[in-house]
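Grab a pencil and open the viewer.

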Amino acid sequence: MKKMFLAVLTAVFGMANAQTDAFRGAGDTRYQIGMNIQDGGTGVMTSLDYGLGESFSIGAQAGYLLGAKEADGFSKPSFGDRFDIKARFNANLGGVLGLPQNIDVYPGLNLGLKNFGGHVGARLFFDKGFGVFAEAQFPFAKYNDKDKVYKNLNNQFQMNVGVSFDLSKK
(Lines give C-alpha, C1' and ligand atoms only; values in the text may rest on other atoms or scores of the structure.)
Protein backbone atom coordinates (compact mmCIF):
# COMPACT_ATOMS: atom_id res chain seq x y z
CA MET A 1 0.00 0.00 0.00
CA LYS A 2 2.87 2.36 0.81
CA LYS A 3 4.50 1.65 -2.57
CA MET A 4 1.22 2.35 -4.37
CA PHE A 5 0.74 5.63 -2.47
CA LEU A 6 4.31 6.67 -3.28
CA ALA A 7 3.82 5.81 -6.98
CA VAL A 8 0.60 7.85 -7.17
CA LEU A 9 2.20 10.77 -5.32
CA THR A 10 5.18 10.70 -7.69
CA ALA A 11 2.91 10.60 -10.76
CA VAL A 12 0.78 13.51 -9.52
CA PHE A 13 3.88 15.57 -8.70
CA GLY A 14 5.35 14.79 -12.12
CA MET A 15 2.13 15.79 -13.90
CA ALA A 16 1.89 19.05 -11.99
CA ASN A 17 5.46 19.93 -12.93
CA ALA A 18 5.41 18.84 -16.56
CA GLN A 19 7.25 21.27 -18.80
CA THR A 20 4.61 21.77 -21.46
CA ASP A 21 2.20 24.61 -22.08
CA ALA A 22 -1.56 24.08 -21.99
CA PHE A 23 -2.07 27.32 -23.98
CA ARG A 24 0.63 29.55 -25.48
CA GLY A 25 -1.37 32.26 -27.22
CA ALA A 26 -1.59 33.40 -30.85
CA GLY A 27 -1.21 30.54 -33.30
CA ASP A 28 -1.67 27.86 -30.65
CA THR A 29 -3.82 24.95 -31.88
CA ARG A 30 -5.52 22.44 -29.58
CA TYR A 31 -7.49 19.40 -30.77
CA GLN A 32 -9.73 17.53 -28.36
CA ILE A 33 -11.66 14.30 -28.72
CA GLY A 34 -13.74 12.68 -26.07
CA MET A 35 -17.01 11.51 -24.65
CA ASN A 36 -20.18 13.59 -24.41
CA ILE A 37 -22.45 12.80 -21.45
CA GLN A 38 -25.96 14.21 -21.12
CA ASP A 39 -29.41 13.23 -19.94
CA GLY A 40 -30.88 10.80 -22.47
CA GLY A 41 -27.69 9.90 -24.31
CA THR A 42 -23.93 9.57 -24.56
CA GLY A 43 -21.73 10.04 -27.57
CA VAL A 44 -18.52 11.35 -29.05
CA MET A 45 -17.36 14.92 -29.48
CA THR A 46 -14.41 16.66 -31.05
CA SER A 47 -13.25 20.26 -30.97
CA LEU A 48 -10.47 22.41 -32.37
CA ASP A 49 -9.36 25.69 -30.78
CA TYR A 50 -7.01 28.20 -32.43
CA GLY A 51 -5.28 30.95 -30.42
CA LEU A 52 -5.93 34.52 -31.57
CA GLY A 53 -4.06 36.30 -28.82
CA GLU A 54 -2.39 35.87 -25.47
CA SER A 55 -5.60 34.72 -23.77
CA PHE A 56 -8.23 34.23 -26.50
CA SER A 57 -9.07 31.46 -28.94
CA ILE A 58 -11.79 30.56 -31.43
CA GLY A 59 -12.80 27.17 -32.66
CA ALA A 60 -15.38 24.63 -33.69
CA GLN A 61 -16.97 21.62 -32.04
CA ALA A 62 -18.96 18.69 -33.40
CA GLY A 63 -20.73 15.90 -31.56
CA TYR A 64 -22.86 12.86 -32.23
CA LEU A 65 -24.88 10.84 -29.73
CA LEU A 66 -24.25 7.14 -30.24
CA GLY A 67 -26.42 5.89 -27.41
CA ALA A 68 -29.67 7.83 -27.17
CA LYS A 69 -32.59 6.58 -25.10
CA GLU A 70 -35.70 5.92 -27.16
CA ALA A 71 -39.02 7.35 -26.00
CA ASP A 72 -41.87 4.84 -25.67
CA GLY A 73 -44.08 4.76 -28.74
CA PHE A 74 -41.75 6.88 -30.90
CA SER A 75 -39.17 6.05 -33.53
CA LYS A 76 -35.45 6.26 -32.78
CA PRO A 77 -33.90 9.74 -32.62
CA SER A 78 -32.98 10.97 -36.11
CA PHE A 79 -29.52 12.06 -37.27
CA GLY A 80 -30.59 15.69 -36.75
CA ASP A 81 -31.54 14.97 -33.13
CA ARG A 82 -28.20 13.24 -32.45
CA PHE A 83 -25.81 15.62 -34.27
CA ASP A 84 -24.65 19.10 -33.27
CA ILE A 85 -21.97 21.51 -34.46
CA LYS A 86 -20.89 24.73 -32.71
CA ALA A 87 -18.61 27.71 -33.19
CA ARG A 88 -16.63 28.52 -30.02
CA PHE A 89 -14.93 31.49 -28.38
CA ASN A 90 -12.69 30.91 -25.32
CA ALA A 91 -10.96 33.10 -22.77
CA ASN A 92 -7.88 31.05 -21.85
CA LEU A 93 -7.17 32.09 -18.26
CA GLY A 94 -4.43 29.69 -17.07
CA GLY A 95 -1.67 32.30 -17.46
CA VAL A 96 -3.86 35.16 -16.21
CA LEU A 97 -4.67 33.24 -13.01
CA GLY A 98 -1.02 32.28 -12.47
CA LEU A 99 -1.65 28.54 -12.84
CA PRO A 100 1.22 26.20 -13.75
CA GLN A 101 1.99 26.39 -17.48
CA ASN A 102 0.63 22.88 -18.12
CA ILE A 103 -2.88 23.82 -16.86
CA ASP A 104 -5.42 25.99 -18.69
CA VAL A 105 -8.88 27.03 -17.52
CA TYR A 106 -11.18 28.40 -20.21
CA PRO A 107 -14.71 29.81 -19.93
CA GLY A 108 -16.36 30.62 -23.24
CA LEU A 109 -19.37 31.02 -25.47
CA ASN A 110 -20.68 28.74 -28.20
CA LEU A 111 -23.17 29.19 -31.02
CA GLY A 112 -24.57 25.92 -32.35
CA LEU A 113 -27.34 24.36 -34.39
CA LYS A 114 -29.48 23.85 -31.26
CA ASN A 115 -28.72 26.85 -29.01
CA PHE A 116 -26.54 29.74 -27.92
CA GLY A 117 -24.70 28.74 -24.77
CA GLY A 118 -21.64 28.79 -22.63
CA HIS A 119 -18.98 26.41 -21.46
CA VAL A 120 -16.26 26.19 -18.86
CA GLY A 121 -13.41 23.74 -19.07
CA ALA A 122 -9.89 22.84 -18.04
CA ARG A 123 -6.94 21.16 -19.74
CA LEU A 124 -4.03 19.42 -18.08
CA PHE A 125 -1.05 18.52 -20.27
CA PHE A 126 1.23 15.71 -19.12
CA ASP A 127 3.80 15.72 -21.86
CA LYS A 128 4.64 17.70 -24.98
CA GLY A 129 1.55 17.48 -27.11
CA PHE A 130 -0.72 15.29 -24.93
CA GLY A 131 -3.17 15.99 -22.11
CA VAL A 132 -6.69 15.52 -20.79
CA PHE A 133 -9.65 17.87 -20.57
CA ALA A 134 -13.03 18.20 -18.89
CA GLU A 135 -15.71 20.67 -19.94
CA ALA A 136 -19.26 21.56 -18.89
CA GLN A 137 -21.65 23.12 -21.44
CA PHE A 138 -24.99 24.77 -20.82
CA PRO A 139 -27.53 26.55 -23.05
CA PHE A 140 -28.47 30.21 -22.49
CA ALA A 141 -31.08 30.40 -25.26
CA LYS A 142 -32.68 27.44 -27.04
CA TYR A 143 -33.80 28.04 -30.63
CA ASN A 144 -36.79 25.73 -30.46
CA ASP A 145 -38.89 24.96 -27.39
CA LYS A 146 -41.73 23.27 -29.25
CA ASP A 147 -43.00 20.05 -27.69
CA LYS A 148 -40.82 17.55 -29.51
CA VAL A 149 -39.85 14.12 -28.21
CA TYR A 150 -36.07 14.49 -28.54
CA LYS A 151 -35.82 18.30 -28.24
CA ASN A 152 -33.34 18.19 -25.35
CA LEU A 153 -30.70 16.04 -27.03
CA ASN A 154 -27.67 18.32 -27.50
CA ASN A 155 -29.79 21.14 -26.06
CA GLN A 156 -29.20 20.82 -22.32
CA PHE A 157 -26.42 20.67 -19.71
CA GLN A 158 -23.61 18.41 -20.98
CA MET A 159 -20.24 17.14 -19.78
CA ASN A 160 -17.37 16.43 -22.15
CA VAL A 161 -14.26 14.53 -21.05
CA GLY A 162 -11.36 13.19 -23.09
CA VAL A 163 -7.88 13.77 -24.44
CA SER A 164 -6.30 16.93 -25.80
CA PHE A 165 -3.50 17.27 -28.35
CA ASP A 166 -1.16 20.16 -29.14
CA LEU A 167 -1.11 20.57 -32.94
CA SER A 168 0.97 23.77 -32.88
CA LYS A 169 4.20 23.99 -34.82
CA LYS A 170 5.96 25.90 -32.02
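## Exercise 1: a loop residue

Asn154 sits in the loop between β7 (130–142) and β8. Keep in mind that this is a predicted model.

**Task.** Work out whether Asn154 is buried or exposed, and list what Asn154 touches.

**Solution.** 
- Step 1: take the relative accessible area of Asn154, which is 3%.
- Step 2: hold that against the cut-off, where buried means under 20%. Asn154 is therefore buried.
- Step 3: look for its contacts, leaving out residues up to four places away in sequence. Asn154 touches Gln38, Leu65, Asp81, Arg82, Phe83, Asp84, Lys114 and Asn115.

## Exercise 2: a strand residue

**Solution.** 
- Step 1: Gln158 belongs to strand β8 (residues 158–166).
- Step 2: check burial. Gln158 counts as buried because its relative accessibility is 3%.
- Step 3: skip neighbours within four places in sequence and collect the rest. Gln158 is in contact with Asn36, Ile37, Gln38, Lys86, Glu135, Ala136 and Gln137.

## Exercise 3: the cavity

**Task.** Find how many cavities of 30 Å³ or more there are, and say which residues line the largest cavity.

**Solution.** 
- Step 1: count. There is one cavity of 30 Å³ or more.
- Step 2: size it up. The largest cavity holds about 50 Å³ of space.
- Step 3: read off the lining, which consists of Asn36, Met45, Gln61, Ala62, Gly63, Asp84, Ile85, Lys86, Asn154 and Gln158. The residues from the two exercises above, Asn154 and Gln158, are both in that list.
- Step 4: assign elements. β3 and β4 (83–91) are the ones giving two or more residues to this lining.
- Step 5: sort by class. The lining of the largest cavity splits into three nonpolar, five polar and two charged residues.

## Exercise 4: the barrel

**Task.** In what order do the eight strands close into a barrel, and how do β1, β2 and β3 pair?

**Solution.** 
- Step 1: The order is β1-β2-β3-β4-β5-β6-β7-β8, with antiparallel pairing. Ignoring direction, neighbouring strands of this sheet are turned by 25 degrees against each other on average.
- Step 2: take β1 (residues 29–38) with β2, an antiparallel pair with 10 bridges. Tyr31 has Leu48 in β2 as its bridge partner. The hairpin of β1 and β2 has two residues between the strands, and Gly40 there takes a positive phi near 95 degrees.
- Step 3: move to β2 with β3 (residues 56–68), antiparallel over 11 bridges. Val44 stands opposite Tyr64 in β3, and the hairpin joining β2 to β3 runs through four residues.
- Step 4: look at the faces of β2 (residues 41–51).

Conventions. Residues are numbered from 1 along each chain as its sequence is written. This is a predicted model: local features need pLDDT of at least 70, side-chain atom pairs count only at pLDDT 80 or more; totals for chains, interfaces and linings use all residues. Side-chain values use heavy atoms; hydrogens and water are left out. Buried means under 20% relative accessible area, exposed over 50%, partly exposed in between (1.4 Å probe, protein chains only). Contact means heavy atoms within 4.5 Å. Two strands pair if DSSP finds at least two bridges between them. Axes are lines fitted to C-alpha atoms, for helices over the stretch in contact, and angles run from 0 to 180 degrees between N-to-C directions. On a 1 Å grid over the protein atoms alone, a cavity is a set of points where a 1.4 Å probe fits but cannot get out, and a pocket is an open set with protein on both sides within 12 Å along at least five of seven lines; lining residues have an atom within 4 Å of a point. Grid points are joined across faces, edges and corners, and a volume is the space filled by probe spheres set on the points. Ala, Val, Leu, Ile, Met, Phe, Trp, Tyr, Cys and Pro count as nonpolar, Asp, Glu, Lys and Arg as charged, and the others, Gly among them, as polar.
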